[in-house]
Amino acid sequence: MAAYIADRDGEMCDDVPELSDSDDEQWQPMEEGSENMTVPCVLCDRTLTSVSETFKHCKVDHGVDIPELVRKHRLEDYGYIKMINYIRTTKCSAESLLLVSGSLPWDSDEFMKPVFPDDLLLQIDLEELSGAEAVTLSTSAGDQAALLLQRAKQAEDRAQRAEEALARAMEDLHKLKMLAQGLVLNADTSRGPSSLGAIAELREDEDEAYFSSYGHYSIHEEMLKDKARTESYRDFMYRNMDVFRDKVVLDVGCGTGILSMFAAKAGARKVIAVDQSEIIYQAMDIVRSNKLEDTITLIKGRIEDIELPVEKVDIIISEWMGYFLLFESMLDSVLYARDRYLAEGGVVYPDCCSICLAAVGDTQKHNDRIAFWDDVYGFKMTCMKNAVVPEAVVEVLKPETLISEPAVIKTIDCSTVSVSELEFTVDFTLTIRVSTFCTAIVGYFDIFFDKNCGNKVMFSTAPDCTKTHWKQTVFLLQSPISVQAGEDLPGHIAVHKNRKDPRALLITVTLAGQKQTYSLQ
Ligand code: SAH
């Protein structure tokens, strides 16, 4: 699979001047016609003899590099003028100036008014910083023409790189179209067991439906609007910035790029964001729109198929969870990334997860779904129950229908778990709280951001917690079981990937002598 790497140099929509280390020289000639004027420093009472002297003084004596601020905040003419007037008006400190990030305190138009008449600092031309060479007001017409030519050449180069990027994207699109039109999904179910797992071994065409579902915006909208989910990732990263400072982070399955952007804001030195679905083209725009393209590198491809531009990463972040935690089997891909790219001592976040079960007593719903088939307009359709019961139902469960304590049936340590451990069988016990009929078993999961975190974060998809887009997974019993408060109801569960579709699950529950296999697909 050809990987598409977002071209940081292809700054199609970047019209902000690039400042270089030699900016000081770039300002120099501008003042040749103004030898008799003086420039009051913006940060102290000193008066200097030129703009360049002033910038040098600000940098050396106050630690404030004004051309660098222009670059950092991507200021254009008015923004720069407002910043200078703001500093002069408010007499703000060098420290506070350096701390400005996000919204600019000089945004208001009131700062368009000069503090000093004829302030030389306001008479420079920002445009001239963007040229590779210095330009002056006294530059000859010939030099001006040469500079214009040079700029035209730069613009042409940028356009060419943009065209190349577009061509690569079109090529990817074409490949997908070809797959959709002609290729027949080859459901080869004869794979033997492998340490990599069935997901890593899926061919690109076999997994196409999965990734095209993530190409549509709506699934990402649903995930982003799931506040319990998204805010947990955000809070984990923003409240544990020490964990991210200067780290190289891999985002497996970046989608719209939201987790990568949280990581960048949390101080990561570099974020590599990978996704195989078409949504990554949106992520490329999103990252650029938020001016994070210098930190976040986006790569289109399956993590299993591509080559990262680094050997190792310090942190892996991913939102891989599916219904009943393991549906979709995307954790396999995260574990692949962990084993291939995580540096010694690195961490995968979330680092810990658990799957829980609880007993449900909801006779009304059971009647509505199961007993219903006993008498449909006077006819028996009882056989239909055999089609209804084996399908696990993903729905929001009313918390008042829970009738047992929860039982944790699986704990996953993402740093150590292996793909083979994601299929398991286990005994469990449900301690019943209410004397009633048990009509179903509910499954849900909890997620923890724990390791190395001063401020630990977790969220739960339990019925009595804030609703998430994962809802709960309900396994209806064929026949309700009479239970007593205080009773321990023993059970057994086996969770396996469906060999015909390794992203789907087959879950067999045994409870009070009833054994039922459920599919989640
Ligand atoms: N991180 C985003 C999206 C999560 S959804 C968010 O939190 O909003 C999971 C994403 O992982 C999907 O966009 C899917 O296309 C991608 N994905 C799943 N398996 C992948 C793999 N093996 N390689 C690359 N991307 C993968």
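User: Is arginine 499 buried or exposed?

Analyst: This is a predicted model, and every value here is computed from it. Exposed means over 50% relative accessible area. Arginine 499 has a relative accessibility of 53%, so arginine 499 counts as exposed.

User: Which residue forms a salt bridge with arginine 499?

Analyst: Arginine 499 sits in the loop between strand 16 (488-498) and strand 17 (501-511). The partner lies in the loop between strand 11 (407-413) and strand 12 (424-431), so the pair ties together parts that are 76 residues apart in sequence. The closest N and O atoms are 2.9 Å apart, and the partner is glutamate 423.

User: How many salt bridges does a search of the whole structure find?

Analyst: One of them pairs lysine 225 with glutamate 221. Another joins lysine 385 and aspartate 374. The search of the whole structure finds 24.

User: How far apart are the closest N and O atoms of lysine 225 and glutamate 221?

Analyst: Both residues belong to helix 10, and they are 4 residues apart, so about one helical turn separates them. Lysine 225 is exposed, with a relative accessible area of 60%. Glutamate 221 is partly exposed at 32%. Their salt bridge has its closest N and O atoms at 2.4 Å.

User: What is the N to O distance in the salt bridge of lysine 385 and aspartate 374?

Analyst: Lysine 385 counts as buried, at 12% relative accessibility. Aspartate 374 counts as partly exposed, at 33%. The side chains of lysine 385 and aspartate 374 meet with an N to O distance of 3.0 Å.

User: Where do lysine 385 and aspartate 374 lie, and how many residues apart are they?

Analyst: Lysine 385 is in helix 17 (residues 385-388). Aspartate 374 is in the loop between helix 16 (363-369) and helix 17. The pair links distant parts of the chain, 11 residues apart.

User: Which residues come nearest to the ligand?

Analyst: The shell around the ligand divides into 9 nonpolar, 7 polar and 5 charged residues. At least two shell residues come from each of helix 9 (208-213), helix 10 (217-225), helix 13 (258-265) and helix 15 (330-341). Of the 21 residues around the ligand, the nearest are Arg229, Gly253, Asp275, Ile303 and Glu304.

User: How much of the ligand's area does the protein bury?

Analyst: A backbone N or O atom of glycine 253 lies 2.8 Å from a ligand nitrogen. A polar backbone atom of cysteine 254 is 3.4 Å from a nitrogen atom of the ligand. A polar side-chain atom of aspartate 275 lies 2.6 Å from a ligand oxygen. Taken alone, the ligand exposes 570 Å², and the protein buries 99% of that.

User: Which side chain of opposite charge is nearest to aspartate 275, and how far away is it?

Analyst: Aspartate 275 is found in strand 5 (residues 270-275). The side chain of aspartate 275 reaches the backbone nitrogen of serine 277 at 2.8 Å. Aspartate 275 is buried yet has no salt bridge. A salt bridge needs its atoms within 4 Å, and the nearest side chain of opposite charge is 7.6 Å away: lysine 300.

How values were computed:
Residues numbered from 1 in each chain as written. Predicted model: local features only at pLDDT ≥ 70, side-chain atom pairs only at ≥ 80, totals over all residues. Heavy atoms only, no water. Near = heavy atom within 4 Å. Polar contact = N/O pair within 3.5 Å; in protein donor to acceptor, adjacent residues only side chain to side chain. Areas by Shrake-Rupley, 256 points an atom, 1.4 Å probe, with all protein chains shown as cover. Nonpolar A, V, L, I, M, F, W, Y, C, P; charged D, E, K, R; others polar. Buried < 20%, exposed > 50% of the residue type's maximum accessible area, 1.4 Å probe, protein only. Lys, Arg positive; Asp, Glu negative; His and termini not counted.
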